[in-house]
Amino acid sequence: MRTVLFGVLAFAMLSGAADAKTLKVTPGADAQERLQAALIDAKPGDVVQLASGRYELTDGLSLDVANVVVQGMGPGKTILAFDRQKGEAEGLLVTSNNVTVRDLSIQNARGNGVKSKGVDRISMINLVVEWTGGPRAGNGSYGVYPVTSTNVLIDRVTVRGASDAGIYVGQSKNIVVQNSRAEYNVAGIEIENSFNADVHDNVSTHNAGGILVFDLPGLPQMGGHSTRVFHNEVVDNDTPNFAPKGNTVAGVPTGTGIMVMANRDVHVFDNHLDGNASSGVMLVAYLNTFTDPTYNPLPRDISVHGNLFGRNGYAPVWKGGAELATALGGSLPPVLWDGITSYPKPDGQVVSEAVHLSISDGPVVNLALKLQGTPATKADPVVTKTLSDGNLAEPAPVVLAGGQMEMGRAH
Amino acid sequence: MKLAAIGAIGFAGALLLTGAAPPPDTAVDAALLVADDPAPTLASYHLFRDSSAREPNLALVPYTLNTPLFSDYALKFRYLFVPPSRIVSYREQGALDFPVGTTLVKTFAYPADFRAPDEKLRFIETRLLIHKPQGWVALTYVWNDAQNEAVLKRAGVRVPVSFIDASGAEQRIDYQVPNVNQCKECHSLSGAIVPIGPKARNLNRDYDYSEDAENQLAHWTRLGLLQGAPSPSVTARLPQWDNAAEPIEARARAYLDVNCGHCHNRAGLASNSGLYLTFEESDPTALGIGKRPVAAGKGSGDLLFSIVPGHPEQSILVYRMASTEPGVMMPQIGRTLSHKEAVALISDYISSLKPAAARN
């Protein structure tokens, strides 16, 4: 069986390369069926080319053919409009390897904008994914949503209005998010339960929170690590958090710049943070209790350096934040650490851990909460100029699979 | 089902009277079923003896399930075709081991009035799940208004359907015929297409065959279609979700297994959710009890947990089952209506769960 499959695959790839063709789709009557048919009929190596115009779609679209490019004529020119979507939870769902989606707009998807599930080599390039009615709880969750994927490139993508994260990468490996813009979402950019991510040269503004690096318990891929967040503009994140309750991001305070929760080997450097009323950079433990015995709720091996801080943390909205700011002279220092170094395992046993930090951008406030689950109102704050127990090695730059890096550079 | 069974008797009777062998043109075209390219019309396969597919070929065996997938209240007529001289092997877990050439045939239909479900039946689509040499392939054929031809539809379509429901109310829906990718969304396990329904435990029940009622696994064994099946009495059996004589938790778990577990399992499309609703699952958190959502977005409905024991009104599971809004509703495809009876069942199940001091 394996040899048969292998033979078929090899043949498909060869023939794909030899007979690669362009399937052209135009807007108009029956756009739903014609576009979906093209996504089904495409063979490996093909390009599904979407002419300029507005495609009125009534159902989610999906692609399950490997080595395909879905290409519009540019955002604002090729517009996939899901205002009348009756079914499916995505605008476009990709489940096949080595797929590029580029040069188009996706509007008002009822669920997520573009999702990839279990894909090796997914590239989302030059897209505008938006909910045109502004930030509303009824908007879709994620603008672009690669999950359990490997070799993920998000380049020149703008997302507006997502009720969870604009750019969200979950349970994935080897990720680059660059040259993108996230605004008026709950979270601008979120890297969750993921390994090896470079998030750089993005603008995250007017969200509730700018950039989040999280790890959550109870998921197939856990233990998020090795993320570099650098050279981003994280400014004026001031849209009141409009996430439906129950979602993790509903707990992100409005006015958060960069937040690292329960992750290791995260380096935050050379970013510009300004106008984030709750905090500049926040390093915190996962707040809730959990049942997964292998989960570590602490942020550890975190480096913060070389960032340019404007005015941040001047009106923190989280519980105990205002009192803390008053106690510290009216404003929080640019970097905040909750000071949690121990946590109860699900069986009740409390474990302690040396969480290595290297924070040269100061001052930094340590809330000294010590035990996971202690509310911030119990803070015993200590402000120091820097906070460091040694140098931490920076994660190696992410190198994507063949062709992806070049696509990201060619503009 | 009754209709199909009656058709089969009629035809068998005719054969007995005349003593004639079935005409060759009614033999199922087993080679066409496994050909690389699907036939453009359903009739080409000779799975049925009439153009409206009311009378199955004698080689088709009708079957039913203890707990089926809900599809907007559509009636379903299911048949098994196994190529001559091939045999199905029993498996305790998962779908039975069907040989290459096996075809599972399922027609989705609506009566004009569910208070008279055998009358004025309109066929909407007939789906084929064919075990080809390279793996299972899902196809769907959509019926015309005249009900005499069903044609292949790979990109899916919405079909306006109206009917009087069991309570006498008129329902109008945009019935969703799935595209081939959507077929795979539910029918995939680790990326390959597999049958969902015909697991031994879901088939382990009586069927009202024309001659007599008989356990389906025993019947298939007696016909020489199935080998290796233990006696039905010692074979696992999935509870019937709508049989009030069975325990509520068992019925609810059976319903969740069939309607959610095909995606919500560790190798399914929803593996990333951490919510696993298969019948085998035993981890309370994975089953949703005290579990926080991960990527539910507005699907959370402002609720904190998938299941709050004792509180269906606080449980995301119920909220999403009751919804018909894309992006909120679960399952995401295959329905436009809420399955009210199932929402009631799952609510009763959650009400019956004891609030635990468990950590979440």
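Helix axes here are lines fitted to C-alpha atoms over the stretch in contact, and angles run from 0 to 180 degrees between N-to-C directions. The model shown is predicted.

**View 1. Helices α6 and α8 of chain B cross at roughly 130 degrees.** Helix α6 covers residues 248-259 of chain B, and helix α8 covers residues 340-352 of chain B. Their axes come within 9 Å. The crossing of α6(B) and α8(B) is left-handed.

**View 2. Residues at the contact of α6(B) with α8(B).** From α6(B) come B:Ile248, B:Glu249, B:Arg251, B:Ala252 and B:Tyr255. From α8(B) come B:Ala342, B:Leu345, B:Ile346, B:Asp348, B:Tyr349 and B:Ser352. Which classes do the residues of this contact divide into? Seven are nonpolar, one is polar and three are charged.

**View 3. The side of chain A that touches chain B.** The contact takes 40 residues from chain A and 38 residues from chain B. Which of them gives the largest share? Helix α2(A) does, with four residues. By class, this side of chain A has 13 nonpolar, 19 polar and eight charged residues.

**View 4. Chain A, with four helices and 35 strands.** The C-alpha trace of chain A spans about 65 × 50 × 40 Å along its principal axes. Its radius of gyration is 22 Å. That agrees with a compact globule of 411 residues, for which the value would be near 22 Å. Of the residues of chain A, 58% count as buried. Take the contacts in chain A with a sequence separation of 6 or more: residues 24 or more positions apart account for 64% of them.

**View 5. Chain B, with eight helices and 14 strands.** The C-alpha atoms of chain B fill a box of roughly 70 × 45 × 40 Å, taken along the principal axes. What radius of gyration does chain B have? The value is 21 Å, in agreement with the figure near 21 Å for a compact globule of 360 residues. Buried residues make up 46% of chain B. Among contacts in chain B between residues at least 6 apart in sequence, 55% join residues at least 24 apart.

Methods
Residues are numbered from 1 along each chain as its sequence is written. Chains are lettered from A and ligands numbered from 1 in the order in which they are written. This is a predicted model: local features need pLDDT of at least 70, side-chain atom pairs count only at pLDDT 80 or more; totals for chains, interfaces and linings use all residues. Helices (H or I, at least four residues) and strands (E, at least two) are DSSP runs, numbered from the N terminus. A crossing is left-handed if the near helix is turned anticlockwise from the far one by less than a right angle, and right-handed if clockwise. Two residues are in contact if their C-beta atoms, placed from the backbone, lie within 7 Å. Ala, Val, Leu, Ile, Met, Phe, Trp, Tyr, Cys and Pro count as nonpolar, Asp, Glu, Lys and Arg as charged, and the others, Gly among them, as polar. The radius of gyration is taken over C-alpha atoms; the globule rule is 2.2 Å times the number of residues to the power 0.38. A residue is buried if 20 or more other C-beta atoms lie within 10 Å of its own, exposed if 12 or fewer, and partly exposed in between; C-beta atoms are placed from the backbone.
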